[in-house]
Amino acid sequence: MARKNLNIGLVGYGFMGRTHSNAFRQVNRFFDLEYQPVLKAVCARDGEKVKAFAAQWGFDSVETDWRTLVTRPDIDLIDIASPNDTHAEIAIAAAGVGKMVLCEKPLGRNVAEAERMVETVEKAGTANMAWYNYRRVPAVTLAKQLIDEGRLGRIFHYRAKFLQDWTISKDLPQGGAALWRLDVNVAGSGVTGDLLAHCIDTALWLNGPIDQVTAMTETFIKERKHNLTGKVEKVGIDDASAFLARFSNGSLATFEATRYARGHKALYTFEINGEHASILWDLHDLHRLQFFDHRDEGRLRGWRSLHITDGDHPYMKHWWVPGLQIGYEHTFIHQMADFLQGLSEGKPVAPSFREALATDYVTDAVLRSAASGRWEHVKKLV
Ligand code: SOE
């Protein structure tokens with residue numbers, strides 16, 4: 001089939017710039033799609049480094065000012081993989097000139113930014129999607145299918161955590177390349193927007209809206225040297241964040257994220273307990289889904305460890321042969337494949353900016369509750 005080109009302008013060349021570039025390059029090798037991404041241009045402030053990135057990943061050209069990139073007539077889609085403080089400005093400018101916009105999570109640094117982003121892309125009527133990649137782990141997509149089929153019955157509990165340990169040293173500076181996640185002015189928040197946002201996005205997708213939360217946050221290291229100013233400055237991010245939640249379906253939840261769980265690098269787990277069955281998933285073992293079904297014959301009842309590698313499993317028929325695993329980078333490829341398929345069918349692909357705003361509404365309520373010490377209502381998505 002003759003494919004249609006979709007010219008990509010990528011902003012940012014860090015960790016996420018690499019995951020997205022890899023997805024753009026690989027997607028048509030494994031999925032049969034009408035559209036193919038073309039790596040037209042990559043943009044970042046450092047001219048030398050961006051040239052090296054372009055050469056490594058095969059981009060046709062480079063820009064050092066995103067304002068030039070978004071107005072280039074040869075670009076169809078702007079993909080934002082730069083730090084959080086750039087998301088709103090770039091997305092709004094890109095949608096304003098009719099470009100499609102993809103954006104890394106979280107959508108904005110705060111609700112005000114995220115609402116403006118949603119308003120602009122919707123007014124422009126341009127395709128938009130936020131990169132919440134964990135939805136596209138085949139085991140997580142299977143969890144969604146099992147829940148939607150009603151196999152769990154009424155859901156009582158949702159339990160999620162995302163544990164890391166990379167900021168424990170008090171000598172780690174804040175700010176600048178790679179460490180912008182520690183600078184509140186750039187990131188917007190700490191683990192609430194960075195890690196809990198993933199847990200919340202998956203939870204809203206699997207278990208529906210959250211009504212209320214009560215939260216606590218802590219900043220364990222109060223001051224750190226700032227890489228850009230060279231001065232020791234107050235740390236404004238939350239290092240750890242935990243909250244209780246009530247979902248609209250009546251289920252109760254606990255969520256926890258921290259960068260101070262010594263020994264854990266990226267331990268994202270969730271467990272869902274329903275009337276008939278339970279599900280447990282763990283990012284460190286991402287190709288497995290643990291499933292317990294109380295309706296199994298009593299003598300054989302127990303937790304099943306499903307190896308999600310068969311052609312019947314979501315996305316897996318596009319990969320190798322049954323039994324062989326795929327990994328983290330494939331989640332971005334799956335998300336891109338779904339986006340391109342949506343483009344062919346003229347259908348929006350989840351999570352849209354509006355759906356990502358729902359996550360920002362929850363993180364906003366979490367931070368408000370941590371400050372007020374009270375239960376806080378989550379703003380409803382209209
Ligand atoms: C933080 O260390 C981080 O890279 C997040 O920013 C990502 O969103 C998460 O997937 C892995 O951890």
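Modeller: In this predicted model, Thr217 stands opposite Ser241 in strand S11. Strand S8, residues 210-218, is joined to S11, residues 240-247, by 8 bridges, and the two strands run antiparallel. Strands of a sheet pair through backbone hydrogen bonds, either parallel or antiparallel. Both S8 and S11 belong to an open sheet of 9 strands with mixed pairing, ordered S16-S15-S14-S13-S7-S12-S11-S8-S17. At its edges are S16 (304-307) and S17 (376-377), each of which pairs on one side only. Helix H8, residues 191-207, packs on this sheet and touches S7 (155-163), S8, S11, S12 (252-258) and S13 (267-274). The direction of H8 makes about 155° with that of S7. Helix H10, residues 353-372, lies across S8, S11 and S17, and runs at about 55° to S8.

The two helices also meet one another. The axes of H8 and H10 come within 9 Å and cross at roughly 125°. The crossing of H8 past H10 is right-handed. On the H8 side, the contact is formed by Thr192, Gly193, Leu196, Ala197, Ile200, Asp201 and Leu204. H10 contributes Ala358, Thr359, Val362, Thr363, Val366 and Leu367.

Note on methods
Residues numbered from 1 in each chain as written. Predicted model: local features only at pLDDT ≥ 70, side-chain atom pairs only at ≥ 80, totals over all residues. Pairing = 2+ DSSP bridges. Helix = DSSP H or I, 4+ residues; strand = E, 2+ residues; numbered from the N terminus. Contact = placed C-beta atoms within 7 Å. Axes fitted to C-alpha atoms, helices over the stretch in contact; angles between N-to-C directions. Left-handed = near helix turned anticlockwise from the far one by under 90°.
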